[in-house]
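Please find below a note for a colleague who is meeting this structure for the first time. The points are numbered so that each can be followed beside the sequence and the model.

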Amino acid sequence: MAGSMHGALVQGRAQGMQVSARLDGSTSPESPSACLAVDITIDPGLHVYGHPIPEGFIPLSIDVVAPLTGWRVGTPVFPPPTPHQMEGFDEVLFIYEGDLSVAIPLTFTAGVDATVLEVKVRYQACSDQGCFMPQTVELSLPVRS
């Protein structure tokens, strides 16, 4: 069925971060694509790591699991991280702080019916004094065409 595709806004939270996701796009044959928007708010005083990143650090990542047929998930488009020099480190680390938005392109290769996208945001929140254990925020995003 062709038409506009909308997903409900879903939200989740884990230590140091809140995440929301929504889907906007079209399922028409002329424009068989959509964008999954993932908005992230990192708690004040904390940061998460971006790329490039030294070995042993855990960068912010987003994985989307779509149904096996009818969907192709593109590469997430992150904003550029901010260079950050931490005391005690020789190299510059790249971090995210505050609010950021990540766009993930989706392409439909077949007709799309109601379904659910599973979104997993993995990160390790840190302050300049130390880091929390790695966390994953998991969201189930219902989609209807």
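Which residue of β9 does His-84 stand opposite? His-84 stands opposite Leu-93, and point 3 returns to that pair.

1. Basis of the model. This is a predicted model, in which local features need pLDDT of at least 70 and side-chain atom pairs count only at pLDDT 80 or more, while totals for chains, interfaces and linings use all residues. Residues are numbered from 1 along each chain as its sequence is written, and side-chain values use heavy atoms, with hydrogens and water left out.

2. Overall make-up. The protein chain has twelve strands and zero helices, where helices (H or I, at least four residues) and strands (E, at least two) are DSSP runs numbered from the N terminus. Of its 145 residues, 40% are buried; buried means under 20% relative accessible area, exposed means over 50%, and partly exposed lies in between (1.4 Å probe, protein chains only). Among contacts (heavy atoms within 4.5 Å) between residues at least 6 apart in sequence, 66% join residues at least 24 apart. The chain exposes about 7,800 Å², and carbon and sulfur atoms supply 53% of that area, as computed by the Shrake-Rupley method with a 1.4 Å probe, where for residues only the protein chains shown count as cover.

3. The three-stranded sheet. An open sheet is formed by three strands in the order β5-β9-β8, with antiparallel pairing; two strands pair if DSSP finds at least two bridges between them. Because β5 (48–49) and β8 stand at the edges, each with a single partner strand, one side of each is left without a neighbour in the sheet. Three bridges connect β8 with β9 (residues 93–96) in the antiparallel sense, and within this pairing His-84 of β8 (residues 82–84) faces Leu-93 of β9.

4. The surroundings of His-84. Leaving aside neighbours within four places in sequence, His-84 is in contact with Val-92, Leu-93, Ile-95 and Asp-128. With Asp-128 there is also a polar contact of 3.1 Å between the two side chains, a polar contact being a pair of N or O atoms within 3.5 Å, of which, within protein, one must be able to donate a hydrogen and the other to accept it, and for which residues adjacent in sequence count only if both atoms are side-chain atoms.

5. His-47 is found in the loop between β4 and β5, and it counts as buried because its relative accessibility is 2%. The side chain of His-47 makes a polar contact of 3.4 Å with the side chain of Tyr-49. Beyond four places in sequence, the residues in contact with His-47 include Met-86, Ile-95, Cys-126 and Asp-128.

6. Cysteines. The count comes to one disulfide, defined as a pair of cysteine sulfur atoms within 2.5 Å. That disulfide joins Cys-126 to Cys-131, with an S to S distance of 2.0 Å, and it is right-handed, with 105° about the S-S bond. Cys-126 counts as buried because its relative accessibility is 0%, whereas Cys-131, at 45%, counts as partly exposed. Cys-35 is also partly exposed, with a relative accessible area of 31%.

7. The nonpolar cores. A nonpolar core is a set of buried Ala, Val, Leu, Ile, Met, Phe, Trp, Tyr and Cys residues joined through side-chain atoms within 4.5 Å. The largest one has 32 residues, and those with the most contacts inside it are Leu-36, Val-38, Ile-40 and Val-121. Among the elements that give two or more residues to this core are β3 (17–28), β4 (31–42), β10 (99–108) and β11 (115–123). Apart from it lies another core, of five residues, among them Tyr-49, Met-86, Leu-93 and Ile-95.

8. Strand β10. The covered face of β10 carries Leu-100, Val-102, Ile-104, Leu-106 and Phe-108, and its uncovered face carries Asp-99, Ser-101, Ala-103, Pro-105 and Thr-107. In a regular strand the side chains alternate between the two faces of the sheet. Leu-106 counts as buried because its relative accessibility is 1%, and its C-alpha atom is separated by 9.9 Å from that of Asp-24, 82 residues apart along the chain. β10 runs antiparallel to β7 (residues 71–73), to which three bridges join it, and Phe-108 is the bridge partner of Trp-71.
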